[in-house]
Amino acid sequence: MKKTGAQILCESLIAEGVDVMFGFPGGVLLPFYDTLPQYPQIRHILVRHEQGAAHAADGYARATGKVGVCMATSGPGATNLVTGIANAYLDSVPMVALTGQVVRAQIGKDAFQEIDISGITLPITKHSYVAMDAGALAGIVKEAFYIARSGRPGPVLIDLPKDVMTDQAEYVYPDKVELPGYKVPTHGHPTQLKSAAKLINEAKQPLIIAGRGVLISGASPQLKDFAEKAQIPVITTLLGISCFPEDHVLSYGMAGMHGTGYANKALENCDLLIAVGMRFDDRVTGKVNAFAPHAKIIHIDMDPAEIGKNVAVHVPIVGDVGAVLYAMEKIIETNRHIDWIRQLDEWRKQHPILDIHDSAALLPQHIIHELYEATRGDAIVVTGVGQHQMWAAQHYIFHEPNTFISSGGLGTMGFGLPAAMGAKVGCPDKMVWLIDGDGSFQMTIQELATLVQDNIAVKIAIMNNGFLGMVRQWQDLFYAKNYVATPISCPDFVKVAEAYCIAGIKVTRREEIRPAIEQAMNHDGPFLLNFMVEPEENVYPMVPPGAANIEFIERPKKEVSAWQRRSTR
Amino acid sequence: MATTKHTLVAIVHDKPGVLNRVVSLFRRRGFNIDSIAVGHSEIPHLSRVTITVNGTTATVEQVRKQLDKLIDVVKIFDITSEKLTARELALIKVKATSATRSEILEIADIFRANIVDVASDSLTIEITGDEDKISSMLKLLQAFGVKEIARTGRVAMVRGNIGVMRAEERAAKSRAKKQA
């Protein structure tokens, strides 16, 4: 039977298991939106800005492991998606972005709201399509979802001319895709596995650094078995957080620019580094020549182009991380590494992560710690970008995979609220906490309305310090405290929330933290906590930009007393 | 690290926008493409792109891997280290008077080039060969006044029985050996 392009699109989305999409309509999308009610299986969530749609699809995808879907109209709608698509591209998030386009005859004529969105997104998509024929649409959707979710995931864009939506064609959903130029590595090469096993068996001070690839592959159990068998300590990248239980005896937290002192010391001293599903981002390597200086490196990754890109490796293994770890666990010897682990524990004592004295001041570290205690580590934590993001990474203790959702590669301020929205829609039974900064939050604050209209119960904790805190911290440490363009005013967030019909309270004292969190948790629906935190608190430890990881700086003792004096005045 | 000239051959889908995707990756890495030649391959719906670039082996290898990830690139090979037959075609329009015409014809003859057009005060010469041969002839022709040059850029093929697909397999094996 013949169907319209819009019907074919809806049928194809349903065939791919899509039950929710985040979108914003517009002129050229009217045929699609006109058709959408015929398919009640697809829940459409209307965002307030298209960037929110892309981040929501991103948060949904990270929380569920499924492909996130967002939609925007041609021209400005499509360009508003761009930041969200780039964010998903850099963090390897499976996403399908659907954009409206002017009718085919007008393409290339600078028609109203026409923009070459497939051209604009060329370097930030895994692949893209301009669907010029309703008859080809089903095949395009099939391919797009397959490409988005398989191998190293990423965003795929489909541009949809208006008249393709109204054209009629036979609808047959293809049962397989044929992409001769697209290879998905599976198992690692046996020779490489053997070479790696030999290095692992011989190592005295081995270390695992795990990244988001472990989460994408669903390889947390395999990682745990592997690490436990040979008793190898595990550190993670920022995006690797939650891939290995942080309360595990072998867990030593996050490495890199704001990583723990002990993780960075472990990197400095290990004789073998097993890098799993990570890509040696400069935020984790620090000065690259001084990265893991005494170690041989085994690099396990899905993407052959990541091998040797930033750091030379001794044994590359290209394949699915889970499959490789599973195979490797079978061929390595049982080991204990008692002295090495004792050494790491010693470093952990010397460089505790919660290195702040007890104080009456309202400190973000305390808030996040209390949030962990109150939620028993069972929440999905979503962040914006900045200091609060690092504090969340450092002080919440993550037990379950995919419970930490944050913008890593692109570092997109404003990611938090819409991503939290997407995560909550994807995991309605989980408690979703947004930890945000006053700067980040203001970038996408409009999505509060979406929370209300679609009844999405995100709990919001704003670390409000009146600064663009991370930039201010760099000005403090490296630009002689020249605070230019970083003091930022904000509205009364509680009143803003109230205007959106969201309950909220302001918190100014340390003893109010826990009751406030409890109140938010017990409240039915979204809730906003505006924490008026210490304005000039810095994130420590910190590896100065361009320095080696081992040169991390810790909280200067005199700074401790400075704010303590202030807070006790 | 020293840069060297690399010859890459890509087999790509014959679709709109594919060349854009390929070239865009070179732009991102800051490569200036020396030459690029595109045409049909022996397989229907697949085109063959021959690209020459200067770069360090490591950066060219990185671009090759990134290109290999493009969905529309079926295969891509760096055939630099293979024994190659490489050719380029150039059309050269050179000033020719009755006094110089015979000398130009003589040069064309030496280079086994063809005269493809004759006008009152110019000759158009077609020459095929490797880049050195074309450059050498150009140098000699400069003295007469070169009015226009059109060069195709290099196309290349691995010598012997095997096609580029097999040659790459061989190269990949030796690369894997080196790594091990």
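**Reading the model**

Modeller: Chain B contains five helices and nine strands, where helices (H or I, at least four residues) and strands (E, at least two) are DSSP runs numbered from the N terminus. This is a predicted model, in which local features need pLDDT of at least 70 and side-chain atom pairs count only at pLDDT 80 or more, while totals for chains, interfaces and linings use all residues. Residues are numbered from 1 along each chain as its sequence is written, chains are lettered from A and ligands numbered from 1 in the order in which they are written, and side-chain values use heavy atoms, with hydrogens and water left out.

Colleague: In what order do the elements of chain B follow along the sequence, and what does its C-alpha trace span along the principal axes?

Modeller: The pattern of chain B is β-α-β-β-α-β-β-α-β-β-α-β-β-α. Its C-alpha trace spans about 65 × 35 × 35 Å. Of the 180 residues of chain B, 44% are buried (under 20% relative accessible area, 1.4 Å probe, protein chains only).

Colleague: How is the packing of two helices described?

Modeller: Two packed helices are described by the angle and the distance between their axes. In chain A, the axes of α1 (residues 5-15) and α6 (residues 134-149) come within 9 Å and cross at roughly 25°; axes are lines fitted to C-alpha atoms over the stretch in contact, with angles from 0 to 180 degrees between N-to-C directions. α1(A) and α6(A) are therefore roughly parallel (angles under 35 degrees). On the α1(A) side, the contact (heavy atoms within 4.5 Å) is made by Gly5(A), Ile8(A), Leu9(A), Ser12(A) and Leu13(A). Ala134(A), Leu137(A), Ala138(A), Val141(A) and Phe145(A) contribute from α6(A).

Colleague: Is helix α11 of chain A enclosed or open, and why?

Modeller: Helix α11(A) (residues 261-269) is largely enclosed by the rest of the structure, because eight of its nine residues are buried. Among these buried residues are Tyr262(A), Lys265(A) and Glu268(A). The cover over them includes β9 (206-210), β10 (234-236), β11 (251-254), β12 and α14 (338-350) of chain A.

Colleague: Where does Gly277(A) lie, and is Gly277(A) buried or exposed?

Modeller: Gly277(A) sits in the loop between β12 (272-276) and α12 (282-285) of chain A. Gly277(A) is buried, its relative accessible area being 9%. Leaving aside neighbours within four places in sequence, Gly277(A) is in contact with residues including Arg212(A), Ile300(A), Asp301(A) and Val321(A).

Definitions and conventions
Parallel < 35°, antiparallel > 145°, perpendicular 65-115°, else oblique. Buried < 20%, exposed > 50% of the residue type's maximum accessible area, 1.4 Å probe, protein only.
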